[in-house]
Amino acid sequence: MPAKPAKPRRSWPRRIFGWVWKGTLAFIVLSVVWVGLYRFIDPPVTLTMLGDGISGNGIVKRWMSLDEMDPRMARAAIAGEDSRFCLHNGFDFRAIEQAYSRNQKGGRIRGGSTISQQTAKNVFLIQSGGYVRKAFEAYFTFLIEHLWGKRRIMEVYLNVAETGIGTYGANAGSIRYFGHDASRMTAVEAGRIAAVLPLPKKRDAVDPTGFVRRHGNVIARYVDIVRADGLDGCLK
């Protein structure tokens with residue numbers, strides 16, 4: 001019986017393509033499962049939290065559902081961070097364009113990231129990483145918009161966003177700064193925590209005379225406007 005001819009070996013380019021294809025497919029499947037689980041399971045820890053723990057800052061967090069949290073906090077986040085949160089699909093191209101135009105004029109660099117993008121970054125990625133991280137951030141933003149929905153995105157955001165050095169979430173921030181949990185907050189308190197969110201390691205929500213106080217008070221004045229204009233309608 002004649003021997004079977006040996007199967008020709010694939011060329012190195014074809015092997016590399018096969019590895020890349022299999023790795024990409026595995027990443028997509030695992031990431032979809034990961035995001036899907038967090039639709040129902042609260043994220044226990046993030047890479048940012050682990051970084052704080054390793055650096056000695058500690059990790060202080062106390063999860064609170066959106067149902068329990070004072071609605072002023074979500075409205076303050078919308079007013080201060082993403083006024084079109086309920087209107088966009090995860091990416092606010094108008095805000096990105098405006099941020100780009102401002103940055104071309106010099107001064108402090110401003111971003112155009114939405115709450116959805118910030119949530120994707122905070123939960124699944126590291127804070128640094130440049131354009132590579134931005135690409136992954138866009139991918140995870142797409143996933144959470146389609147697998148979580150707006151209400152879950154806001155709930156996770158308000159529980160994993162850093163609100164001070166080693167402090168995570170609006171509830172832990174409220175306890176730290178105001179001595180009570182986030183189930184009862186004034187518009188001013190919610191506004192000041194929202195003012196901390198962009199630079200949590202450099203800002204303090206109880207700074208008596210600084211930028212956070214002034215900016216927080218401005219955000220506080222918009223909390224009722226967010227409610228009146230229905231800008232938080234997707235959270236109800």
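Which side chain meets that of glutamate 137 in a salt bridge? The partner is arginine 133, at 2.9 Å from N to O. A salt bridge here is a side-chain nitrogen of Lys or Arg within 4 Å of a carboxyl oxygen of Asp or Glu.

Before we go on, a word about the model: it is predicted, so local features need pLDDT of at least 70 and side-chain atom pairs pLDDT 80 or more, while totals for chains, interfaces and linings use all residues. Residues are numbered from 1 along each chain as its sequence is written, and side-chain values use heavy atoms, leaving out hydrogens and water.

Back to our pair. Glutamate 137 and arginine 133 lie four residues apart in helix H6 (residues 130-147), so about one helical turn separates them. Helices are DSSP runs of H or I with at least four residues, and strands are runs of E with at least two, numbered from the N terminus. Glutamate 137 counts as buried because its relative accessibility is 2%, and arginine 133 is buried too, at 11%. Buried means under 20% relative accessible area, exposed over 50%, and partly exposed in between, using a 1.4 Å probe and protein chains only.

Now look at another salt bridge, where arginine 151 meets aspartate 67 at 2.3 Å, N to O. This pair links distant parts of the chain, 84 residues apart: arginine 151 sits in helix H7 (residues 150-160), and aspartate 67 in the loop between strand S1 (60-61) and helix H3 (71-81). Arginine 151 is partly exposed, at 32%, whereas aspartate 67 is exposed, at 65%.

Stepping back, the chain has ten helices and three strands, and buried residues make up 42% of its 236 residues.
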